[in-house]
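I opened this entry to log what I looked up, in the order I looked. The notes are brief.

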2 protein chains.
Amino acid sequence: MDRASQETVDRIRALIASADPSELDVALEALHPADIADVLQELPDEERVAVLKRLDTERAAEVLTEIDEHSGQALLQLLTDHEVVSLVEEMPTDDAADFMSTLPPDTTRRVEALLSAEDREQIQDLMRFHEESAGGIMEAEFVAVRETATIDGAIDVVRASADEIENLQKVYVVNEAGQLTGVLKVLDLIVHPRTSSVREHMETQVIAVPVDMDQEEVAAMFGKYDEFALPVVDHDNRLVGRITVDDIIDVIEEEASEDIAHIAGTTEDEIGEPSVFKVSRSRLPWLAAGLVGELFNALLMDRYQITIRTFVTLVFFVPLIVATAGNTGMQGAIVVVRELALGEIDVLDTARRVLKELTVGLLNGLVLGAFLFAVVTLWQHDIGLGLLLWSALMTVMLVAALVGSSIPLILQRWGIDPAISMGPFITMLNDVLGLAIYLALARIYLAHIA
Amino acid sequence: MDRASQETVDRIRALIASADPSELDVALEALHPADIADVLQELPDEERVAVLKRLDTERAAEVLTEIDEHSGQALLQLLTDHEVVSLVEEMPTDDAADFMSTLPPDTTRRVEALLSAEDREQIQDLMRFHEESAGGIMEAEFVAVRETATIDGAIDVVRASADEIENLQKVYVVNEAGQLTGVLKVLDLIVHPRTSSVREHMETQVIAVPVDMDQEEVAAMFGKYDEFALPVVDHDNRLVGRITVDDIIDVIEEEASEDIAHIAGTTEDEIGEPSVFKVSRSRLPWLAAGLVGELFNALLMDRYQITIRTFVTLVFFVPLIVATAGNTGMQGAIVVVRELALGEIDVLDTARRVLKELTVGLLNGLVLGAFLFAVVTLWQHDIGLGLLLWSALMTVMLVAALVGSSIPLILQRWGIDPAISMGPFITMLNDVLGLAIYLALARIYLAHIA
């Protein structure tokens, strides 16, 4: 949701307060439903209802599909069941199904009972599909004609559904069994002679989405084939729905939020969540896991207590070693996960991809290690310590590169979403491994110079 | 780019090797240009050219716009300038401009010289706009009719441009000055009487994109208004181009990659980059900055050397304090940046948003601190140390929450992309602050018990 400009909000509020509602009507008429939704989000409940009641049902329904879930629910509690039903009937079926799934279960049941049989069936069908599958994001509205129809016949079908379908751009062609056999652009209806047959002009190389495909794969198909809408088919290639690209934009935003939330060690539900308790609860598990991991580091240092007491300067560099290990592993993990998501690499490339990460780790370890060697040797006047840190940093970075790049690839191979590996887990693992390597090398070094 | 199935690649390679090219033609005919591009990416250079030469110019141009930059450039070196020119002339102007900008400068000049005057001018115009502005992603092709035209006249215009324009869905309406005054759906051309005027049926509430708008804002407009294509206007409201939603999907993917790369401490150019030297170079600055930051930690610990020597157990918990500070700050920063990107909050909410983050930090600090207190007290049999760690962890988490959430909001207010604050910088700052707070509290504690 965007935020409405303060100016627009103030103007609308003044008009709600004024005696003459016709001026409010004029002001609302000039706004796009998405802009009205933005304004409503800034208003108190009673003013929201005042605005909604001034809109005709069609526009009110459009506003409701654009508004955020919290504001929408608050608004609905002030409407009667019959008012809710007439709004739902104006929505495209996919929006209606999404909207119904945000209602309290008993409201859903009451509203369903009041819907027309056809609408109820279509919406219930859509609500049965998994939320993140093609079936879950498709709409039941599409325009289909038979192969045997003429262009003129197809135009009649399009005309009849012009009201119901926004953004129509392609007409789907089906055979007697309802199976998808071709597509025709709306443009073709204008360009070709009216008496010629649909079969003659249809494109037979049809790109269709299987109804059970994951929404992330559907988004990849849209990205690849540059289409505005794609037909959805069941396992028998029967046409069951249509997915439009505006829903795909939401999917891509959602998946990006999910990935970014994973990195932060929280869930995407947190974004925009007003309750601090819910936010706190979604972050706490990750922080706690990180804390437990770092307790291993405390145990490790306890084990090496004698080494540390003998040579306290060693601990000055503990945060540096640990942080660099964490950063290196994170870089590898994040880039590998993103490349997997964009289809740039696949799991078959594991060995090649990990080797690349090791080479990068080695290169960067050499450069940073040399810099660290110079700083430490000049500061502490101790070439031995400088060499220890150089070798420790390189080893730690190599191990972190290996861990960071291989874990997402292994998870992907096991069928687990690799995005979870971008979270605090890999960083914590590399912290612990990095400290263990550093302290072990330090003990060997001290034994050597003793 | 996706990866082609090994099966398809093998089949195409066998057909390239076979004596009869007609079978290769049949196999290629059945593939979508985007799928052919996927196959080409898996082939050696000479086989790529062999495939490209079997395609007609239109399909070859489509394949070239879908192929990745590296494969495309390799392919072009094997074509003559005239072959390149005929391919460029088949592309939509936005793809042509993008494509030309990937060519070596002298090739660009030679190809430009061979283009028709109209194409050259349009492409050069597009190449002048900033790559990440509306002008940089728009295409020069659109269908515009005069307000005074009839539906029949509009149909003629659409028919004449049917070949050149893919995915036409709306016709733009302009006045004598070329200013955008309305839009008409292609569907309207079918639905309305042929002799009625365009002005009668056009929608006058036009959503248009200013030519200098940043592509991220353009993507937000598409997300908000659910349109498949939007007209682009200059500062005088003159129609200059059209942006289609398929280009917006690329923008959203690109911006998500950019944000995720920032978090990793690298650049989005790295994704899919085959050269380890380039990858190493894009990551090194962040790692080096992190390393320099951690050197401050070494200095800090040096300053507190006496405290550490007196009570070595203190350092056991340094990685824990530092890591938790880093994680807490990262969570705040990443969520705030994402909320800013999705328009869930704006900079005017600074105080409210930071306060929420502080509350979450306090809650989580209390819970984790209590857990740490219990573990440390049981392990070290030292309630004082337990209380020190509890209070240190809470203070450190509060400061990290403040730093993590306020820096992106401040950057946004200063007009700097807040995404950069998700990188290693905030983590490093919180590491240093966390350690400083912990050591300072520890010294106070030791002075107190001494």
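I started with the surface of chain A. Its accessible area comes to about 18900 Å². Carbon and sulfur atoms hold 56% of that area. I keep in mind that this is a predicted model.

Next I checked burial. Of the 450 residues in chain A, 55% are buried.

Then I turned to overall dimensions. Chain A has a radius of gyration of 30 Å, whereas a compact globule of 450 residues would have one near 22 Å. Along the principal axes, the C-alpha atoms of chain A fill a box of roughly 95 × 60 × 35 Å.

Chain A holds 23 helices and six strands. I also looked at contacts in chain A with a separation of 6 or more, and 65% of them join residues 24 or more positions apart.

Charges came next. Chain A carries 31 positive and 76 negative charges. Their mean positions lie 5 Å apart.

How are the two chains related? I laid chain B on chain A and got an RMSD of 0.3 Å, using a turn of 180° and a shift of 0.1 Å along the axis. The two copies are thus related as by a two-fold rotation axis. I then compared the interface residues. In chain B, 99% of them are also interface residues in chain A, so the copies meet through the same surface.

The buried stretch includes P33(A), D35(A), D38(A) and Q41(A), along with I36(A), V39(A) and L40(A).

My last stop was E112(B). I found E112(B) in helix α9 of chain B, residues 105-114. Is E112(B) buried or exposed? Its relative accessibility is 15%, so E112(B) counts as buried; the cut-off is under 20%. Leaving aside neighbours within four places in sequence, I listed M100(B), R120(B), Q124(B) and M127(B) as the residues in contact with E112(B). I also checked E112(B) against D269(B), which lies 157 residues apart from it along the chain. Their C-alpha atoms are separated by 27 Å.

Terms used
Residues numbered from 1 in each chain as written. Chains lettered and ligands numbered in written order. Predicted model: local features only at pLDDT ≥ 70, side-chain atom pairs only at ≥ 80, totals over all residues. Heavy atoms only, no water. Helix = DSSP H or I, 4+ residues; strand = E, 2+ residues; numbered from the N terminus. Rg over C-alpha atoms; globule rule 2.2 N^0.38 Å. Buried < 20%, exposed > 50% of the residue type's maximum accessible area, 1.4 Å probe, protein only. Contact = heavy atoms within 4.5 Å. Areas by Shrake-Rupley, 256 points an atom, 1.4 Å probe, with all protein chains shown as cover. Lys, Arg positive; Asp, Glu negative; His and termini not counted. Charge placed at Lys NZ, Arg CZ, Asp CG, Glu CD. Least-squares fit on C-alpha atoms with pLDDT ≥ 70 in both.
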